[in-house]
Amino acid sequence: MTILLIFTILILISISMWQISKMFELSQTNVNTTEIADDKDNDYQGKLMFAFLVFIYLLTLFSFYQWGDVLLPKAASDHGDLYDSLMWSTFAVIFFVQTITQALLHYFAYKYRGEKNKKAFFLADNDRLEAIWTIIPMIVLAGLILFGLYTWTDIMTVEENEDAMIVELYAQQYNWKARYAGNDGVLGDANVRFLNDFDGKNLVGIDATDPNGLDDVVVQELHLPVGREIIFKMRSQDVLHSAYMPHFRAQMNCVPGMITEFAFTPIMTTEQMRQTPEMIAKVKKINKIRAKNSEELVLKGEEPLEPYIFDYILLCNKICGASHYNMQMKIIVETEDKFKKWMSNQQTFAQFIQ
Amino acid sequence: MSTAVTTEEEVHEHHHKETFITKYIFSQDHKMIAKQYLITGLFMGIIGIAMSLLFRVQLAWPEQSFKIFEVFLGKWAPEGVMDPNVYLALVTIHGTIMVFFVLTAGLSGTFSNLLIPLQIGARDMASGLLNMIAYWLFFLSSVLMIASLFVEAGPAAAGWTIYPPLSALPQAQPGSGLGMTLWLVSMAIFVASSLLGSLNYIVTVINLRTKGMSFSRLPLTIWAFFITAIIGVVSFPVLLSAALLLIMDRSFGTSFFLSDIFIQGEVLHYQGGSPVLYEHLFWFLGHPEVYIVLLPALGITSEVIATNARKPIFGYRAMVASILAIAFLSTIVWGHHMFISGMNPFLGSVFTFTTLLIAIPSAVKAFNYITTLWKGNLQLNPAMLFSIALVSTFISGGLTGIILGDSTLDINVHDTYFVVAHFHLVMGISALYGLFAGVYHWFPKMFKRMMNKNLGYIHFWITAVGAYGVFFPMHFIGMAGLPRRYYTNTAFPYFDDIADINIVISIFAFIAGAAQIIFLYNFIHSIYYGKETTQNPWKSTTLEWTAPIEHMHGNWDGEIPHVYRWAYDYSKPGKKDDYVPQTVPLEKGEEELQH
């Protein structure tokens with residue numbers, strides 16, 4: 001019954017829009033107008049064009065005022081600052097160009113709105129002008145390209161040093177696992193063929209005949225020591241996934257049948273990040289929203305939401321199926337000591353399959 | 001050229017043989033085929049937009065129960081709560097329909113067919129039969145795509161890019177069963193249709209131009225359609241090959257794109273393939289595709305802006321050169337969709353370089369449009385408003401491309417809502433504005449009547465405000481790090497503070513969506529009851545307005561007009577009128593002010 005009602009309402013809304021359009025149209029027929037813009041239309045529409053420019057500016061200002069705090073969270077990796085400075089300098093260029101060109105476009109539309117007896121200024125070409133606005137973008141872009149390529153090489157060149165720690169990120173529909181190399185510092189060979197070994201206890205398909213794999217540690221929560229370079233090796237067992245860690249300005253796809261790579265050094269522990277003023281403000285804001293939502297839930301007789309505490313997150317950022325939206329892993333960045341203590345409590349692969 | 005000149009007797013003969021079926025259904029007349037493309041495209045557009053409104057409801061008020069879901073989604077929305085698989089199916093089919101069926105076939109198919117013969121002075125397309133087949137293949141692929149919505153397990157749901165293995169394995173998601181098969185078959189037929197159409201456009205422009213219509217006198221619309229057709233011929237076959245290989249992987253056990261897969265407790269037999277190969281093949285079409293969508297819109301805009309500014313388009317040669325540059329560059333930038341796909345980072349550097357180069361011809365186009373407005377005598381018809389707004393969204397959306405085209409910056413915004421905001425503005429909304437501008441401008445040519453201008457104004461302003469209202473705030477969600485194609489962001493309390501942005505976006509989307517009903521009313525009503533048009537309502541210089549209002553086979557009664565000047569003699573000094581049609585010979589001593 002309600003379905004019928006909704007259908008009726010939708011149809012009625014469409015019909016009323018239709019009828020409003022029709023009424024509007026009929027109300028004009030007695031005036032002897034054409035369907036071609038006349039001076040009155042030009043005047044009116046030209047002014048609206050100028051108003052639209054104001055709308056664009058106001059929308060921009062409003063958005064930054066209202067939502068500016070959600071933009072690009074504070075970076076927590078060593079290349080984060082470089083990334084952010086490239087981002088904001090690109091943004092500066094974009095804003096400058098956007099502000100000027102939108103102003104010219106809409107102002108001209110307003111200023112040169114047509115009049116019956118006016119004639120347009122015949123201007124077909126001007127080589128000098130065109131050279132100017134070919135060359136200036138070229139120079140600006142050359143700068144951005146060079147800056148971009150420098151950062152790209154800096155971020156993507158993985159230098160294997162003694163200090164670096166190798167961690168495997170393992171993706172499957174719809175969760176993440178991490179594998180640490182253990183005492184030998186070498187990840188054992190692995191393949192999806194081994195997943196069914198040991199009654200399914202071989203969670204990421206480690207080759208049990210490879211001695212390097214026996215001391216590997218497989219976990220569901222990613223712990224990272226602060227200040228040490230982490231080299232991630234990504235694998236996926238079923239479909240494409242993407243390991244996205246926005247706070248570390250890091251992302252790489254996980255591709256079945258292939259190992260991909262991304263490296264960064266975390267420079268702020270979870271605890272440190274929680275203490276930054278930005279994060280305190282953000283958590284406060286979120287908890288206010290959650291408290292409000294909880295009130296509604298309680299009224300409906302449901303459980304209230306837990307208060308939010310900040311943690312770094314790893315998200316899946318490549319469409320992977322129904323629960324793509326909930327494929328996540330908590331990342332904990334901690335001091336070297338705490339990390340070692342945590343690691344010593346984990347079972348190795350050899351212990352786990354016993 | 002001689003092949004185009006059908007003799008009088010032949011024209012006459014055609015006229016007698018016409019029945020209802022040959023005139024309205026299996027027509028070989030380019031004007032009728034253009035109308036068929038337009039109406040099919042608009043119909044698909046209604047479906048595509050309606051889908052987006054449905055998932056905007058879900059995104060603004062996630063996981064809540066809505067009766068409207070039950071109405072449209074039935075068993076896929078048990079108790080009015082949308083199923084996550086259906087959410088993915090909706091975004092997938094929305095993308096596919098809007099990109100291919102509305103903005104490729106609906107836009108390019110309509111106006112290439114209508115304008116190429118009329119603006120170059122030809123009796124019809126080089127092959128009317130191929131043209132008819134192209135339309136009916138498009139129709140067939142549309143029917144298959146719609147049919148896939150009614151499949152038991154649901155339509156394709158792997159995103160419009162249908163990356164394998166997700167799209168290859170029915171175990172991975174329900175949409176990858178029969179729904180995906182229909183999607184692939186539909187697209188294969190679509191590619192065939194698009195190729196037939198494109199070949200026809202290319203041959204027609206090269207061979208059938210009337211006397212005096214040199215390439216340097218072609219209107220920019222024709223340049224845009226011509227180059228678009230060439231990009232289509234170069235890149236669409238690659239999509240076809242990707243689709244065929246994927247069909248083989250799915251149905252015949254090959255391993256082009258699949259390797260080492262374990263799903264639902266079993267190891268599959270695939271060995272040695274790579275999904276990255278698919279990504280290369282897909283984006284080799286996928287990126288040129290955005291220009292296949294955008295260039296015709298820019299062509300239409302050039303024509304509408306020049307006509308309504310009563311000024312020649314500024315820098316005709318630069319405009320042609322930038323179309324050529326964009327077309328060339330568009331085929332060597334596909335890798336910027338794959339910076340973090342696992343391909344060699346060095347390739348990322350190369351693609352960053354080529355991608356950012358596209359900003360240069362794009363900037364030239366934007367500046368030239370702005371200069372065309374300068375000191376013009378702007379006739380602000382609805383078509384003109386849409387064209388100006390196109391330039392505005394082209395700039396706003398294009399600029400964020402500088403961020404996404406930069407491999408470094410792409411790391412953190414790749415596949416977030418920032419990307420969604422970017423491409424919707426630069427190719428979605430811009431191309432849609434191009435379509436609207438074209439419809440308002442050439443409606444008199446197609447239907448012999450005018451559309452109501454005041455309804456056009458209302459339609460324009462609601463749409464323009466709505467489009468910015470939807471896509472500007474979306475950049476913020478993306479910069480905050482929210483991935484696209486998320487059914488809801490409630491699984492991450494971290495994103496709780498963007499919930500209100502999603503509500504604002506959805507409200508703007510509903511308003512803009514509702515405004516399209518005004519357009520539909522205006523369109524349908526004007527076909528039957530619009531004011532009758534004069535032969536050249538916009539006082540335009542191009543050839544299509546020299547053809548009689550009443551449609552006829554062969555377009556012109558008697559001889560095809562000859563062309564003596566370029567298409568942009570607006571407000572030429574020393575002339576009484578503010579436009580000189582291309583058919584008017586140069587006066588003694590008059591220079592053709594077009595270098």
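Which residues does the domain assignment of chain A give to domain 1 and which to domain 2? Domain 1 takes 36-115 + 125-156, and domain 2 takes 165-272 + 308-353. The model is predicted.

**Chain A: domains and overall form**

The centres of domain 1 and domain 2 of chain A, taken over C-alpha atoms, are separated by 40 Å. Contact between these domains involves eight residues of domain 1 and 11 residues of domain 2. On the domain 1 side, the touching residues are four nonpolar, three polar and one charged.

Chain A holds eight helices and 10 strands. Its radius of gyration is 30 Å, whereas the globule rule gives 20 Å for 354 residues, so chain A is more spread out than a compact globule. Along the principal axes, the C-alpha atoms of chain A fill a box of roughly 90 × 70 × 45 Å. Of the 354 residues in chain A, 35% are buried. Take the contacts in chain A between residues at least 6 apart in sequence: 69% of them join residues at least 24 apart.

**Where chain B meets chain A**

Contact between the chains involves 121 residues of chain B and 111 residues of chain A. On the chain B side, helix α16 (residues 453-479) gives the most, with 12 residues. The classes on that side are tabulated here.

| Class, side of chain B that touches chain A | Count |
|---|---|
| Nonpolar | 75 residues |
| Polar | 31 residues |

**The nonpolar core**

The largest nonpolar core has 278 residues. Leu169(A) and Phe386(B) have the most contacts inside this core. Helix α5 (residues 84-120) of chain B gives the most to the core, with 22 residues. In soluble globular proteins, nonpolar side chains tend to be buried together.

What is Phe386(B) in contact with, leaving aside its neighbours within four places in sequence? The partners are Tyr433(B), Phe436(B), Ala437(B), Tyr440(B) and Phe460(B).

**Helix α10 of chain B**

Helix α10 of chain B covers residues 316-330. At 1.5 Å a residue, its 15 residues should span 21 Å. Its end C-alpha atoms are 21 Å apart, which agrees. Several residues of α10(B) are buried, among them Tyr316(B), Met319(B), Ile323(B), Ile326(B) and Leu329(B). Ser322(B) and Ser330(B) are also buried.

Which helices do the buried residues of α10(B) pack against? In chain A, the partner is α4 (127-156). In chain B, the partners are α8 (220-251), α9 (275-309), α11 (345-357) and α12 (359-373).

Methods
Residues numbered from 1 in each chain as written. Chains lettered and ligands numbered in written order. Predicted model: local features only at pLDDT ≥ 70, side-chain atom pairs only at ≥ 80, totals over all residues. Helix = DSSP H or I, 4+ residues; strand = E, 2+ residues; numbered from the N terminus. Rg over C-alpha atoms; globule rule 2.2 N^0.38 Å. Buried ≥ 20, exposed ≤ 12 C-beta atoms within 10 Å, placed from the backbone. Contact = placed C-beta atoms within 7 Å. Core = buried A, V, L, I, M, F, W, Y, C linked by C-beta atoms within 7 Å. Expected span 1.5 Å × (residues − 1). Nonpolar A, V, L, I, M, F, W, Y, C, P; charged D, E, K, R; others polar. Domains from an automatic or database assignment.
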